Amino acid sequence: MKFISVTFLASVLAVAVRADVDWSAHQWQKPGSDDSRGPCPGLNTLANHGFLPRNGKNITVQNILDAVNDGFNFRPIDIMVVAAKVALLSTDNVNYVTLEESGLYGNIEHDASLSRSDFNLGDSIHFNETIYQTLASSNPGVDYYNITSAAQVVEQRLVDDKIANPSLINTIKEITFRTRESAFYLSTMGNVTAGTAPKKFVDILFREERLPLEEGWKPSPVAIDDSNFPTLQSAVFNATTWEPSGTVKCPWIRDQPEGPVFFM
């Protein structure tokens with residue numbers, strides 16, 4: 001098997017910064033009954049606004065890189081190339097993935113989500129308000145979420161999951177995804193440097209899978225990239241007291257929909 005470096009992939013899958021996004025062409029539309037949506041509110045939002053195919057199908061790695069850049073000014077190349085390439089492992093198609101396919105458990109989809117149930121507990125694809133209340137009720141008394149509250153939410157979701165899900169998987173892979181997702185909503189809906197985001201913007205992103213343009217949100221004026229995003233993610237991670245738990249100790253992933261678990 002030949003291994004291709006992330007640096008090489010990043011150079012091949014270069015993302016051009018678009019300063020001329022025509023927002024009139026990216027109005028929010030509710031997905032139809034035949035449209036594909038997955039467990040990631042960010043990608044679902046990009047499809048609802050037409051940065052990704054609105055039907056959520058036939059999505060390429062380059063589609064994802066362009067969409068997060070154009071919609072969120074988000075371009076940590078190393079992180080996004082790996083995530084997008086891993087998403088392709090959730091389908092037998094070598095070039096395309098649907099948003100629903102990206103929710104294959106054990107790939108990017110993981111336990112103790114901020115807004116979805118665990119795979120072993122039911123519906124891990126669609127938004128769950130009961131679960132989201134952990135985030136929605138955090139940082140009381142102020143109108144923003146921050147690094148401290150984000151870390152507390154990650155920890156509380158894990159506490160709840162240890163009780164609810166006897167099959168919980170909680171390795172370094174899962175906590176990396178959880179803290180990365182927390183840094184994502186703080187940076188794209190707020191300020192990547194300060195690590196704060198208005199609650200109303202974050203709540204709309206999760207609950208409605210919509211960019212809160214009408215409420216005053218704008219994409220970050222500072223590119224969210226490899227120079228600042230990993231710092232924010234590390235801050236969230238370091239604010240937790242995470243330790244691995246459960247019977248699975250090693251990071252793992254599925255390398256095809258029907259394939260065996262591959263331990264890293």
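A residue here counts as buried when its relative accessible area is under 20%, as exposed when it is over 50%, and as partly exposed in between (1.4 Å probe, protein chains only). You're looking at a predicted model, where local features need pLDDT of at least 70, side-chain atom pairs count only at pLDDT 80 or more, and totals for chains, interfaces and linings use all residues. Residues are numbered from 1 along each chain as its sequence is written, and side-chain values use heavy atoms, with hydrogens and water left out.

**The overall picture**

- The protein chain has nine helices and six strands; these are DSSP runs numbered from the N terminus, with helices (H or I) of at least four residues and strands (E) of at least two.
- Contact means heavy atoms within 4.5 Å. Among contacts between residues at least 6 apart in sequence, 66% join residues at least 24 apart.

**Helix H4**

- Several H4 residues are buried, namely Ile77, Ile79, Met80, Val81, Ala84, Val86, Ala87 and Leu88.

**Where H6 meets H7**

- Helix H6 covers residues 147–164 and helix H7 covers residues 172–188; their axes come within 10 Å and cross at roughly 145 degrees. Those axes are lines fitted to C-alpha atoms, for helices over the stretch in contact, and the angles run from 0 to 180 degrees between N-to-C directions.
- The crossing of H6 and H7 is right-handed. That label applies if the near helix is turned clockwise from the far one by less than a right angle, and left-handed applies if the turn is anticlockwise.
- On the H6 side, the residues in contact are Ile147, Ala150, Val154 and Leu158, and they meet Ile175, Arg178, Ser182, Tyr185 and Leu186 of H7.
- Sorted by class, this contact has seven nonpolar residues, one polar and one charged. Ala, Val, Leu, Ile, Met, Phe, Trp, Tyr, Cys and Pro count as nonpolar, Asp, Glu, Lys and Arg as charged, and the others, Gly among them, as polar.

**Salt bridges**

- Side chains of opposite charge can pair when their charged atoms come close. A salt bridge needs a side-chain nitrogen of Lys or Arg within 4 Å of a carboxyl oxygen of Asp or Glu, and the whole structure has seven of them.
- One of them pairs Arg116 with Glu209, with the closest N and O atoms 2.8 Å apart. This pair ties together distant parts of the chain, 93 residues apart: Arg116 sits in the loop between helix H4 (77–88) and helix H5 (129–136), and Glu209 in the loop between helix H8 (199–208) and strand S4 (224–225). Both Arg116 and Glu209 are buried.
- Another joins Asp161 to Arg157, where the closest N and O atoms are 3.7 Å apart. Both residues belong to helix H6, four residues apart, or about one turn of the helix. An α-helix has 3.6 residues a turn, so residues three or four places apart point the same way. Asp161 and Arg157 are both buried.
- Lys173 and Glu174 also form a salt bridge, at 3.7 Å from N to O, and both of these residues are buried.
- Glu129, Asp203 and Arg207 are joined in a network of salt bridges.

**Two asparagines with positive phi**

- Asn58 isn't a glycine, yet it has a positive phi of about 55 degrees. You'll find Asn58 in the loop between helix H2 (41–48) and helix H3 (61–72).
- Is Asn58 buried or exposed? Asn58 is exposed, because its relative accessible area is 52%.
- Asn139 isn't a glycine either, and its phi is positive at about 50 degrees. Asn139 lies in the loop between H5 and strand S2 (144–145).
- With a relative accessible area of 16%, Asn139 is buried.

**Two buried loop residues**

- Ser124 belongs to the loop between H4 and H5. Its relative accessible area is 5%, so Ser124 is buried.
- Leaving out residues up to four places away in sequence, Ser124 touches Pro39, Glu109, Arg116, Ser117, Asp118 and Phe119. Arg116 is the residue that also forms the salt bridge with Glu209.
- Val192 is in the loop between H7 and strand S3 (197–198), and it counts as buried because its relative accessibility is 6%.
- Which residues does Val192 contact, apart from its neighbours within four places in sequence? They are Ser187, Ile224, Asn228, Phe229 and Leu232.
- Val192 and Thr231 are 39 residues apart in sequence, and their C-alpha atoms are 9.1 Å apart in space.
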